[in-house]
Every structure is written in C-alpha cells, then in structure tokens.
Amino acid sequence: MNKPLTMLPLNLGLMAASPQAGAQEGGYRLPPAALMDIVDAPRAPGLSLSPQRNLAAVVQTPPLPGIAEVAQPELKLAGLRINPRTCSSSRFSFGTDLGLLDIATQKESRIKGLPRALRLADLAWSPDQRHLAFSHVAYKGERGAVELWLVDIEARKARRLSAQPLSAVLTRGFNWLPDSSGLLVHWRPAGIGKAPQPDGVPAGPMLQDSEPGGAPRQLRTYQDLLKNEDDARLFEYYVTVQMVLLDLHGKPRMIGAPGQFSRTSIAPGGQYLLTQSVTRPYSYIVPASSFGERIEVRDLAGEVLHTVATLPLEEGLPPGNDAVSEGVRHVSWRADVPATLVWTEAQDGGDPARPVIDNVRDVVYLHAAPFREPPLVLARLTMRYAGVAWGRGDVALINERWHKTRDYKQWMIEPEHLSTPPELIYAGSYEDRYNSPGSPVMRADASGFPRLLIGPGTTILLDGAGATPEGDRPFIDRLSLTTRQKVRLFQSEAPYFENVAAVLNDEGTLLLTTRESPTERPNYYLRDLTRPEGLQLKALTHYPHPTPQLKDVRKEQIRYPRNDGVELTATLMLPSGYDAVRDGPLPLLMWAYPQEFKSAGAASQTTGSPYRFNAVSYWGPAAFLAMGYAVLDNPSFPIIGAGDAEPNDSYLPQLVADAQAAVDEVVRRGVADRHRIAIGGHSYGAFMTGNLLAHTRLFRAGIARSGAYNRTLTPFGFQSEERAFWQAQEVYQAMSPFNNADKIKDAMLLIHGAEDSNSGTFPLQSERMFQAIKGLGGTARLVMLPNESHAYRARESILHMLYETNAWLDKYVKHAKPG
C-alpha cells in the first residue's frame, strides 16, 4: 500500500553530471510555471459501477504524492516491494474521498462516517449491492495498518468492520462471499510478533547449483530478489496470512492455521475454498511468482479436501515467447456452476519447439466437486490457452493464441455437453486491429462472478475498438452464436470519440459511455439507443478542462509512407495560434516506442483517433507545447518480421527508416526544422533513442528515460525477442547502443529511477551508458531520481524531470543552428 508521510527529509540531493562538471550537489529544481501548471492540473475522479448498474462509487483522485511519501522505508524481497509498516505492497496513490452517484438522476450523495484523512486503496461492491467494502491505509505515528471498512449503501454510512489489520502483500486482502453475507479476509496473524531481524553475522556463503544435463531455460533478469536466508525468513513473515470469514457485524470465523497464501477464492456456490500457497525451496534468481506452489481445495473450516497440484520451483521457462510452465496452470473456478475447477496443461512440456501428438499444445480440464471422479477434458487446443468466457451449460467461449504467428482463435463450446464438437467463432491475427471482432460483454452474476451477457436466440454483445483507416470508432455489436449474423447497435461518430464503459441493460440499448473531443475532456454519459438520435445522450459528469490555458492546441492524425511502402501513423500537435506559413517551422519533440509485427499490413494500420481529447500530460511529450514546441506523439515505429524472419534481424535499418519517414513528413509540412528536432522515449523508447542517436544524425538531442542500452545484460531475451544472446549474438551486439556509444555525436539526456524494479532496466544501464559517452568525449547528462522506480511518482521527481528535459531541449534544440 502507501508510505507514511514522515521520516526522510526533503533535501535529498540529486546527483547530476554533465560534460562540464562532475557530481553536483543540489536539490530538486522547478521547471517553468507553464510546466508546473500541467503537473498540478486537477485530476478526474474514478468511477466503480455497482452490480445492478444503477449506482457508481466515485473515488476522488488526489494530487501527486510528495517525495516524503515515496521515500519511506521499503523492503525488496523476492521481486516484491513491501511497506513494512502496513504489511502491504508498496503503494503511493490513494482515493481521498468517496461518494455515490445515482445513474438515473445524476445526483451524487455523500457518505457519512468515512475515516479522517481517507487513504482508500481498494474497493469492492457486494454482489447484492447492499454494501461496499474498501481498505483504508491508516497511520499513527511510526506505525500503520490496512483497515477494512464497510459502507451501508441504503444508509450512506461507513464504519470500520474490524480492528484487526489486513495483510495485503500478495493480494488486496479481502473478497466478498458469493451470498454477500460477509467477506473472505486475509488478516495479519495475531501474535505473529515482530519481523525477524538479522544479527549481521553470516551463517555461511550463499550457494547456488546448476545440475548437468539440464534443458535450456530462459533466465530473465529480475530485480529485488532474495539474497540469503535472512531475506527468506523476512519474506515468509510478510506473506504469512490468517484466512478469516468475517460477517457484516465484524464477527470473525478463523479458517485453519496461518500460511503463506498467495491466492484464495471462494467457489460460486460458497461451499469450497481454492487456495494457492507459496512453498520452499525459494530461489535467488527468480521472483516469488516462480516459487513452488501448492494448490488445494478446502472446506470453510480450512481442512484440505483435495490437492489440485503441487508445483515445483521454476527457474526459467523453455526458450520462446510461447513457452509456458509444465503441468497445471491457470487454475480457477468455473463461473456458471457451484463448484467446478478449470485449468490447463501443456502437452509439450511447455516447450513450443517440442513436437506434439495431433498438433495439440494445451488441454483444458474440468473437475467437479467433490473431486472423486477423474477430471474431464473441456477442450484440446492447437495453440496456447487464453481463457474462457463462461455463460451457461450450453454456451461458453474459449480462446487460444500463438505469439510466434500472432494467430488467435475463439470457439463456442458446451460445457455440459462435452461430446458436442466446438464451433469456430473467429480466427485471425490478434495484431490485425481492423478485423478484430471485439470482446464479449461480461456481467457479474448474483454471486459476483463474470458471465457472458446472453440475449434471446443465443446472442451475445461484442465491445470493440473499431479500428479503421480513419481512426478508432468504438462499437457495440450483437452477434448470434447460431447464425453468426451481426447487428451493429452503436458506433462512435465524428466529431467525437465515444467509448462504451459499460452496458447497463440486457438488451444492449442503454450504455454508459465516455465522450470526448479534441477540446472537451472525457465525461460520462448515458446513451439510450431506443430514443431518437438527437435525444439519446444525457450527461452524468461535467469535469472541466484540466488545462484551459492549452485548450486550443491543435492536433491532427497524420499518415505518411516509409521508404518501403509501409504506411505509418502519428499524432501531430501544434501550439495554440500557430500558423506554419505565418510563423515558420518550430523546434519539435518526437516521442516514440517501437513495436514488433509479423506483417506489413498490420504494421500499416491506423492507430488512435483524431477525435480524442487533446490531453496535455506531464508524462508524455505534449507538455512541451506549453514551451513553444511542436510535438509528434506516438509515431509508428514498426519492426516487421514477415514469415519466418525475426523482426530484430533488421531492427536497425527499419528503425532508421521509421525515423527518417517521420522527420521528412514534419519538415514537408513546414512545422519543423531538420536541425531542431529531438527524439525521446521511456523504457524501450529510451533504448530506441540511444540507437537513433548512434546510427543517425537526424536529431539534435535525445531524451532517454529508464532505458536499457547493453543487451548482453539481458541475455535471455528482451521485449519480444525470444532468442537468447548465444543464439543471436550479432543481433544483440548490433542492437545495443552501448556498443556504439562512440558514434553518438548529439546530446543525450539520461533520466532513471534510482530504484527501478522493472526487469532488464537496471539503473546500472543508464549509469554505464553515461560513462561510455562521457569517456568517449560525447555530450550527455545523467539524472538519477532518488527512491523512484520504473515510472516516477513523487511530485518533486516529476517536476525535476520536466526541469531537466526543458533545459536540455532549450540548450540543444530550440536555439540550435544548422550544421
């Protein structure tokens, strides 16, 4: 959860380096007021729709947390980040107020009895809608706790349900029972005592072994791993929970003894409990998600009735993005019956390169309580299982996909008539956005489990993005599963972008939507499709423009070709009042993130919409419209590997061609000078930035945030690259901008969170990249943000990030001269 507001002082110096100086002492700096106003712009509340879809919980979104909150003590154990004060996962953003919105009347009501200084972490409606549960992170001096609170919806009143704090390290700590009579809760065990403290004296060396004859495994690079037995004992302490059934009066009923439960869920019928427990031995090279696991069915007293599987520690998967764990995986309850388990098992040992009988890769099983009979086969799949949408005994939809080819299939099956052959509903490429049928509309049933919304004649509703050559146009379709005929009920129309947030009635004619235009921020609306066209809409919310000073910025979705004919898309944004003919070309910031594709056709498809709100956020490049820059946001940077070719085999020439096409287009339009363009990106976009500076002179400067630059430090694959370094050494070497640091002749600003937890983007990556450029006489600056992870959270960090970026662009781009 979140961090207390005390402890560390604010004068944490930023270590910054430049070609002119070594380490510099100094505090956080502020950008110009125009950028600060964007950071401090009001944020819209969040809405959580009730089960009967006639109410919404309205959660107020607070401003950014301060560095004092982000800098609180944090434990890093087994890939987890834990707040030791609250026995919960680290968290830095909370709801600060809670209300209820009546959908029919558009009236918002207050809730009485909320805790002072509300820090709402998670919330959940009871299936019968009579109550709303939420967790509140409370602090008292140096101590803290995650408290469970309950709102009586009719009385509009909140009260604390239990004095015993939740344990919320691996889960949120609470879930409703199917009959709404209470909650299944994870408590911090009473009497567990203080966390074990190492005495500082090692018991011996840390040992790891690799047995001879083992099959190749992908060992990704992870952060925050266990380092010794002291860490292991501390990890066990914080993930140990006491399962409890808590009634609506706060009366507890213990479920068995405390244990290391990573997941617990009640069956739809309310009589059985599925538990997953972390088991030893632990590992020093993979996170807790790969530790051994015991999966069991228990009764509500905690007695084990059935062992589903005992899974071993898994230190890496077989090679390939289609590799999965061997044995049982994705265990869950079937949603439409009282107590039936469903899971899948790979028939190739999880290795996509291994041949299989009858081309069957995955088998999906059903096992009904009381689990005395053998499990039944629900489906045999030629690709990897990708989930089931449950409906009723004669209707369910099962999905499969294969990353290597991007193939996707959806089948209709009859769970209660397993001899009935499955019927193919859709087959295609999941990267083909133009032909995507959309996703089935699901609805929570009386027990709170998601079910297909099935209409007359075995019809379902499909909710889709509606990608077209002119941009996204979200839609709702009604599909007959018997005739395969479709009827379009709704589609977004210009000059607005309208997206369906929820379907409010069974007929699909009453919709909760968000509607926006380039100058109008998203607001919630009721759309009644049974009414005449001009009378269908009713506004639910009226959120004002968050940055009215930038309301008139111009945005255009543009299309342009790459040199090989691939069509590319980008969003061009220009400052308010700018005219290219009158004012001439501007300095321009381009911000991108490469993506891999298996076909040129998919790579050429238009993304986004020209009718989306001109949102100006501190996180992306649009903020620099306020400083007089033109912005090219999210230009397509496809890396295509058609057929048997791997995309990264031609990464560099395709990347350069993408960048060249984008630069040529903005120059052709007269909005940018060739000698005043900067490139930037975050994470894989930062990696892209390093490569473009190393292999082109298209840009006068680069902004690289939280990136990786030496791919030998991620030797078992990265992004979508599934080959290990030893299989594709030339690719890894060529793609690493660190190896070409001597070719970087333009100014590179590197920004990185000093506590980055993302796999592969170790802070060391930016530190070594900076040292290489500096040692080779290049122009670079390194900014390490204290206490920040892969994305930056503290207001001080965000403001300093903007300060550094603005100063860099001002120095090397805005006033750059030709040559």
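Predicted model: local features only at pLDDT ≥ 70, side-chain atom pairs only at ≥ 80, totals over all residues.
Modeller: Residues are numbered from 1 along each chain as its sequence is written, and side-chain values use heavy atoms, with hydrogens and water left out.

Biologist: Why is D673 called buried?

Modeller: D673 has a relative accessible area of 17%. Buried means under 20%, exposed over 50% and partly exposed in between, with a 1.4 Å probe and protein chains only, so D673 is buried.

Biologist: What makes the pairing of D673 and R676 a polar contact?

Modeller: Their side chains are joined at 3.0 Å. The term requires a pair of N or O atoms within 3.5 Å; within protein, one must be able to donate a hydrogen and the other to accept it, and residues adjacent in sequence count only if both atoms are side-chain atoms.

Biologist: Which residues does D673 contact beyond its neighbours within four places in sequence?

Modeller: P585, L586 and V667, where contact means heavy atoms within 4.5 Å.

Biologist: What makes a nonpolar core?

Modeller: A set of buried Ala, Val, Leu, Ile, Met, Phe, Trp, Tyr and Cys residues joined through side-chain atoms within 4.5 Å. The largest has 60 residues, of which M590, L632, Y651, F699 and M748 touch the most other members. A second, separate core of 34 residues includes L64, I751, V783 and L802.

Biologist: Which residues does M590 touch?

Modeller: Among them are L632, A662, I677 and F699, not counting residues up to four places away in sequence.
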